[in-house]
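Visitor: Please take me through one part of this molecule closely. I would like the contacts around it, its surroundings and the cut-offs behind each term.

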Amino acid sequence: MRPALLMMLFLLAGCQKDFEQRYSDIETEVKKDAARIDADMRKDAEDSKK
């Protein structure tokens with residue numbers, strides 16, 4: 001019984017690491033998209049002033 005519980009614990013720990021990596025990747029992608037949108041909005045604001 002104990003080996004099964006130990007294996008389940010290791011599997012859950014591995015899944016958590018995978019989740020954290022995916023979350024980090026998505027967070028990085030969202031930050032890049034937000035920076036691109038901000039830059040586009042600044043450009044549009046400058047173009048409308050001209």
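Guide: Start with K31 and E27. Both sit in helix α1, which covers residues 2-49. Four residues separate K31 from E27, about one turn of the helix. Helices here are DSSP runs of H or I with at least four residues, and strands are runs of E with at least two, numbered from the N terminus.

A word on the source. This is a predicted model: local features need pLDDT of at least 70, side-chain atom pairs count only at pLDDT 80 or more, and totals for chains, interfaces and linings use all residues. Residues are numbered from 1 along each chain as its sequence is written, and side-chain values use heavy atoms, with hydrogens and water left out.

Back to the pair. K31 and E27 form a salt bridge, with 3.9 Å between the closest N and O atoms. The term means a side-chain nitrogen of Lys or Arg within 4 Å of a carboxyl oxygen of Asp or Glu. K31 is exposed, at 56% relative accessible area. E27 is partly exposed, at 36%. The scale runs like this: buried is under 20%, exposed is over 50%, and partly exposed lies in between, for a 1.4 Å probe and protein chains only.

The structure holds three salt bridges. Follow the helix on to D33. D33 bridges to R36, and their closest N and O atoms are 3.9 Å apart. D33 and R36 are three residues apart in helix α1, about one helical turn. R36 also meets D40 in a salt bridge, again given as 3.9 Å from N to O. R36 and D40 are four residues apart in helix α1, about one turn. Shared partners join D33, R36 and D40 into one network. How accessible are its members? D33 is partly exposed at 33%. R36 is partly exposed at 47%. D40 is partly exposed at 38%.

Now the surroundings. The C-alpha trace spans about 75 × 10 × 5 Å along its principal axes. Buried residues make up 0% of the 50.

For scale, compare K31 with K50. K50 lies in the segment after α1 and is exposed at 84%. K50 and K31 are 19 residues apart in sequence and 29 Å apart in space, C-alpha to C-alpha.

Charge next. The protein carries 10 positive and 11 negative charges, and their mean positions are 4 Å apart. Lys and Arg count as positive, Asp and Glu as negative, without His and the chain ends. Each charge is placed at NZ of Lys, CZ of Arg, CG of Asp or CD of Glu.

Last, the surface. The protein exposes about 5,100 Å², and carbon and sulfur atoms supply 63% of it. Areas come from the Shrake-Rupley method with a 1.4 Å probe; for residues, only the protein chains shown count as cover. L6, M7, L9 and F10 form a nonpolar surface patch, with about 440 Å² of accessible area together. Patch residues have over 30% relative accessible area and no salt bridge; like charges are joined within 9 Å, nonpolar side chains (Val, Leu, Ile, Met, Phe, Trp, Tyr) within 5 Å. M7 lies in helix α1 and is exposed at 52%.
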